[in-house]
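Let's take a walk through this structure together, strand by strand. Have the sequence and the 3D view at hand as you read.

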Amino acid sequence: MSRLHGKLACAAIAAMIVTLFTIDIVEAARGGPGGGGRSMHRGGPAASGSFQRSRARPQATSQRRDTRQDVRGDRREVRQDVGGERREVRQDVRSEAREWRGNRREWYEDRWRRGLFVSVTSWRRVGCSTIIYVDGVKYYECGGVRYERVYRGTEVVYIIVS
Amino acid sequence: MEENVPYRVLVCALALAVMIASGAARAAPATTDAEIDPEALAVLRGLADHLAAAQQFAFEAETSYDAVQESGVTVEFGASRRALVSRPNRLRLEGQRREGAKAVTIFDGEAIWVHSPAAEAYATVEQPEGMDDAIDFAVGTLRMKAPLVDLISPQFYETVMGELTRAFYLGETVVAGVPCEHVLLSNEYTDFQLWIATGEEPLPRRIVITYREEPGEPQFRAQFLDWDMAPANVEAQLKFTPPDGAERIRFYIDGRPEDLEAEGDA
């Protein structure tokens with residue numbers, strides 16, 4: 001019985017740690033308390049300062065643009081077949097690069113939506129200074145969590161990559 | 001009875017015509033000639049032509065916007081902004097948020113650079129040709145916030161007109177001591193108010209954009225503090241040299257997700 005209680009207590013502590021960690025990340029995702037105040041969501045279409053929907057809501061429109069680009073890419077490939085083999089290969093590389101970029105954007109957007117990043121303001125609280133390099137890319141790794149320092153727009157953030 | 005047949009046909013035809021007309025009225029866009037005021041378009045045209053003709057110009061503005069929280073509460077954030085434009089495709093944008101974070105973005109014609117002095121970081125990426133394409137790339141792909149860049153486009157007037165559903169001239173007013181003409185322009189998504197200085201330099205002194213279709217109808221506001229139509233040291237301001245100690249990092253679109261996934265990432 002006491003062993004069961006011990007297991008339950010361990011599970012409860014683990015759950016508390018996970019919850020606190022998640023809250024911390026989500027709070028950071030909201031931009032952190034910057035200046036010591038309560039953290040608030042700072043995004044939204046009005047932050048764009050544009051009267052155009054495509055610039056105020058770029059996510060929705062970029063998906064439409066990607067589809068249009070795919071169509072354009074296909075058309076270009078057909079034209080390149082006539083032009084010569086070398087050009088066709090170059091085109092493939094470009095299409096592949098565009099695909100990586102699209103995939104990566106989606107991959108990071110998913111992390112962004114889930115709040116898996118830390119703002120510069122909150123980074124000090126994370127207190128992670130262990131640096132590793134993978135394929136020449138610099139990451140911070142602490143407690144089994146790996147971060148990459150990147151730009152999203154004009155803001156530096158630490159995205160959790162694993 | 002047979003005499004009534006043409007009468008009945010006429011009544012049916014009239015009823016059908018009324019139904020079709022009412023259906024067409026419902027299907028037609030809300031815009032009517034009465035909602036596109038030529039005086040408002042003339043003021044807009046004056047501004048657009050004036051800016052499109054300027055090869056170089058700079059402005060400073062105090063901006064703010066509403067961020068609608070999940071709870072429905074609306075919070076205002078803001079920044080001081082400065083823009084320097086050199087046509088056809090060079091641009092410098094500076095922004096300092098009210099809590100202090102500052103960023104400088106430079107489009108030098110070949111590359112886009114972003115620098116954050118406090119974070120001692122910068123990033124760069126190839127610039128697409130053409131100012132509008134470069135801005136669309138920065139906003140749509142790099143996720144930059146670049147308020148007021150609509151004004152910079154050489155196609156500003158055409159862009160507004162392409163989506164226009166309403167245009168009202170609201171009369172003369174004074175903004176921060178400057179006599180202005182107040183116009184309201186709408187598209188399907190936003191209401192866009194401009195206060196444009198009267199006289200030989202028809203430049204905006206204030207802008208308010210209301211995102212009518214968004215929850216809470218948030219607004220963006222800009223109060224222009226200064227316009228400089230002959231800025232100095234343009235070349236120096238449009239060239240980026242990484243400062244000592246600044247670390248080059250990536251925009252989040254760089255690299256391959258497969259590389260990261262191969263390391264055991266979900």
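Two strands are said to pair if DSSP finds at least two bridges between them. Helices (H or I, at least four residues) and strands (E, at least two) are themselves DSSP runs, numbered from the N terminus. This is a predicted model, in which local features need pLDDT of at least 70 and side-chain atom pairs count only at pLDDT 80 or more, while totals for chains, interfaces and linings use all residues. Residues are numbered from 1 along each chain as its sequence is written, and chains are lettered from A and ligands numbered from 1 in the order in which they are written.

With that in place, here is chain B as a whole. Its secondary structure comes to six helices and 13 strands. Of its 266 residues, 35% count as buried; a residue is buried if 20 or more other C-beta atoms lie within 10 Å of its own, exposed if 12 or fewer, and partly exposed in between, with C-beta atoms placed from the backbone. Contacts are pairs of residues whose C-beta atoms, placed from the backbone, lie within 7 Å. Among the chain B contacts with a separation of 6 or more, 48% come from residues 24 or more positions apart.

Now to the sheet. In chain B, 12 strands make an open sheet with mixed pairing, in the order β7-β8-β9-β10-β11-β1-β2-β3-β4-β5-β6-β12. At its edges stand β7 (166-175) and β12 (247-248) of chain B, each with a single partner strand, so one side of each has no neighbour in the sheet.

β7(B) pairs with β8(B) (residues 178-186) in the antiparallel sense over eight bridges, and one place to look is Tyr169(B), whose bridge partner in β8(B) is Val183(B). The two strands form a hairpin with two residues between them, and Ala176(B) in the turn has a positive phi of about 50°. Next, β8(B) joins antiparallel β9(B) (residues 191-197) through seven bridges, with Cys180(B) opposite Ala197(B). Four residues lie between the strands of this hairpin.

Elsewhere in the sheet, β2(B) (residues 74-86) and β3(B) (residues 90-97) run antiparallel and share eight bridges. Here Ala83(B) stands opposite Leu93(B).

Finally, find Leu225(B) in strand β11(B) (residues 219-228). Is Leu225(B) buried or partly exposed? Leu225(B) is partly exposed, because 14 other C-beta atoms lie within 10 Å. Leaving aside residues up to four places away in sequence, Leu225(B) touches Glu60(B), Ala61(B) and Glu62(B).

Key
Two residues are in contact if their C-beta atoms, placed from the backbone, lie within 7 Å.
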